[in-house]
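User: Hi! I am new to reading protein structures, and I would like to go through this one step by step. Could you show it to me and help me with some questions?

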Amino acid sequence: MIFDDKKFSAARRASGLTLDDAANSCGITRQTYVLREKQPTEFRLNELHGLYSALDENGRGLLKDAVNGIFFD
């Protein structure tokens, strides 16, 4: 499966979230979050929901694009 894992970090950064902020929004540790950004197919739906809720409008658009890249490309 080919996907662009940089889109997940781009969504986080576009919203001004630190790795700790993103991890907290997902309900996971920072270390686990870093692993998820490197292997986004490992994200669980509840984690993505938490991340999406923490992002601003620009970040949400980038996250949607990243998730679509996993399932629809």
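User: Happy to start. Which helices do the buried residues of helix 5 pack against?

Analyst: Welcome! Keep in mind that this is a predicted model. Contact here means heavy atoms within 4.5 Å. By that test, the buried residues of helix 5 pack against helix 1 and helix 4 (45-54).

User: Which residues of helix 5 are buried, and how wide is the arc they fall within?

Analyst: Buried means under 20% relative accessible area. In helix 5 that holds for Gly59, Leu63, Ala66, Gly69 and Ile70. Looking down the axis of helix 5, these buried residues line one face, because they fall within an arc of 120°.

User: Why can residues that are some places apart in sequence point the same way?

Analyst: Good thing to ask! It comes down to the turn of the helix: residues three or four places apart point the same way, because an α-helix has 3.6 residues a turn.

User: How far apart are the end C-alpha atoms of helix 5?

Analyst: Let's begin with what to expect. Helix 5 has 15 residues, and at 1.5 Å a residue it should span 21 Å. The model agrees with this, since the end C-alpha atoms of helix 5 are apart by 21 Å.

User: Are helix 1 and helix 5 roughly parallel or roughly antiparallel?

Analyst: The axes of helix 1 (residues 6-14) and helix 5 (residues 57-71) come within 8 Å and cross at roughly 170°. Angles over 145 degrees count as roughly antiparallel. Helix 1 and helix 5 are therefore, relative to each other, roughly antiparallel.

User: Which residues of helix 1 meet helix 5, and how many residues in the contact are nonpolar?

Analyst: From helix 1, the residues are Lys7, Phe8, Ala10, Ala11 and Ala14. Their partners in helix 5 include Leu62, Leu63, Val67 and Ile70. Sorted by class, the contact of helix 1 with helix 5 has two charged residues, two polar ones and, for nonpolar, nine.

User: Is arginine 12 buried or exposed?

Analyst: Arginine 12 has its place in helix 1. Leaving out residues up to four places away in sequence, arginine 12 touches Leu17, Thr18, Leu19, Ala22, Tyr33, Glu37 and Leu55. Its relative accessibility is 10%, so arginine 12 counts as buried.

User: What about serine 15: which residues is it in contact with, beyond its neighbours within four places in sequence?

Analyst: Serine 15 sits in the loop between helix 1 and helix 2. With a relative accessible area of 17%, serine 15 is buried. Beyond its neighbours within four places in sequence, the contacts of serine 15 are Leu55, Asp56 and Gly59.

User: Which residues of helix 2 are buried, and which helices do they pack against?

Analyst: The buried residues of helix 2 are Leu19, Ala22, Ala23 and Cys26. They are on the same side of helix 2, because they cover an arc of only 100° around the axis. The helices they pack against are helix 1, helix 3 and helix 4.

User: Is asparagine 24 buried or exposed?

Analyst: Asparagine 24 also belongs to helix 2 (residues 19-26). Its relative accessible area is 60%, and the cut-off to pass is 50%. Asparagine 24 is therefore exposed.

User: One last question: which residues does leucine 48 contact, leaving aside its neighbours within four places in sequence?

Analyst: Leucine 48 is found in helix 4. At 14% relative accessibility, leucine 48 counts as buried. Leaving aside neighbours within four places in sequence, leucine 48 is in contact with Phe8, Phe43, Leu63 and Val67.

Note on methods: Residues numbered from 1 in each chain as written. Predicted model: local features only at pLDDT ≥ 70, side-chain atom pairs only at ≥ 80, totals over all residues. Heavy atoms only, no water. Axes fitted to C-alpha atoms, helices over the stretch in contact; angles between N-to-C directions. Helix = DSSP H or I, 4+ residues; strand = E, 2+ residues; numbered from the N terminus. Parallel < 35°, antiparallel > 145°, perpendicular 65-115°, else oblique. Nonpolar A, V, L, I, M, F, W, Y, C, P; charged D, E, K, R; others polar. Expected span 1.5 Å × (residues − 1). Buried < 20%, exposed > 50% of the residue type's maximum accessible area, 1.4 Å probe, protein only. Arc of directions from axis to C-beta.
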